[in-house]
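Thanks for coming. I'll talk through some charge pairs and then the core. Please have the model open.

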Amino acid sequence: MSARYLVRFDDICPTMNWRMWERIESVLAELGIKPILAVVPDNRDPSLYSDPPKEEFWEQVRRWQANGWFIALHGYQHLYETQDAGLLGINPFSEFAGLPYDVQKAKLTSALRILSDQRVRADGWVAPAHSFDATTVKVLLELGIDVISDGFYRWPIRRLGATWLPQQVWRFRSMPAGVWTVCVHHNTMSEASFEAFRTALQRFAPQITSAPSVLQERTAPAPNLADQVFALTWRAALKLKLRRRPLDP
């Protein structure tokens, strides 16, 4: 089986870069791509204030979900409280990792209440800064979320009781067989970056799938030794790159 790709957009919120997003959404619609959207329920992060808040934001989210787009809970307020890198060990800051169970549960309960009030279903979880811990997963499962978009694997796996759709790359490139999620931060995208991204979408469109399609194909197994070795190797290589250029959280 050849490589297949998922496309994930982080930091979706009322004050995101709407001018850039409208151009991206037009390309997605043209190519029939149904991405993962990581939605911040109650954004308080000043770095995500790119444009004035869009009043019809939640109406837009409901429309995306009705169109088959995968809506993921992207934390609560996108504010980092700890210096804990969590399970993935990438960014040394987190909104959740290292916090007590009751604090994490209060945050996630409040986040999900906002989505529920807006008649939006949380299809999965995307951690701000890729940082969360086993307690986060425990609370998510208790609250009915059992899909996580993260992890350095080649295929979806089952870990800590949840299904992990791996997220390993931040740009399109030719990859071996597997399911590869490309994480995009459109709020900081330049004109040149947009043009390169549009070209890549057009090139890889035949191999781009959707999260629901991947989840329906087969039951994700527990990671075997090869999966674990791959994850450790991939993380080590990524951390070397991060020394030169940090990830956009």
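Glu142 and Lys105 form a salt bridge, with the closest N and O atoms 3.5 Å apart. This is a predicted model, so keep that in mind throughout. The pair links distant parts of the chain: Glu142 sits in helix α4, residues 134-142, and Lys105 in helix α3, residues 101-117, 37 residues apart. Glu142 is partly exposed, at 38% relative accessible area, and Lys105 also counts as partly exposed, at 29%.

The structure holds 13 salt bridges. Another of them joins Asp51 to Arg19, where the closest N and O atoms are 2.8 Å apart. Asp51 lies in the loop between β2 and α2 and Arg19 in helix α1, so this pair ties together parts that are 32 residues apart in sequence.

Next, a pair within one helix. Arg198 and Glu195 meet in a salt bridge at 2.5 Å, N to O. They are three residues apart in helix α5, so about one helical turn separates them. Salt bridges with shared partners join Arg23, Glu191, Glu195 and Arg198 into one network.

Now the core. The largest nonpolar core has 65 residues, and those with the most contacts inside it are Phe9, Trp21, Trp64, Trp125 and Phe172. Helix α1 gives the largest share of this core, six residues. What does Trp21 touch, leaving out residues up to four places away in sequence? Its contacts include Phe9, Leu37, Trp64, Trp69 and His186. A second, separate core has eleven residues, among them Leu6, Ala72, Val126 and Val179.

Key: Residues are numbered from 1 along each chain as its sequence is written. This is a predicted model: local features need pLDDT of at least 70, side-chain atom pairs count only at pLDDT 80 or more; totals for chains, interfaces and linings use all residues. Side-chain values use heavy atoms; hydrogens and water are left out. A nonpolar core is a set of buried Ala, Val, Leu, Ile, Met, Phe, Trp, Tyr and Cys residues joined through side-chain atoms within 4.5 Å. Buried means under 20% relative accessible area, exposed over 50%, partly exposed in between (1.4 Å probe, protein chains only). Helices (H or I, at least four residues) and strands (E, at least two) are DSSP runs, numbered from the N terminus. Contact means heavy atoms within 4.5 Å. A salt bridge is a side-chain nitrogen of Lys or Arg within 4 Å of a carboxyl oxygen of Asp or Glu.
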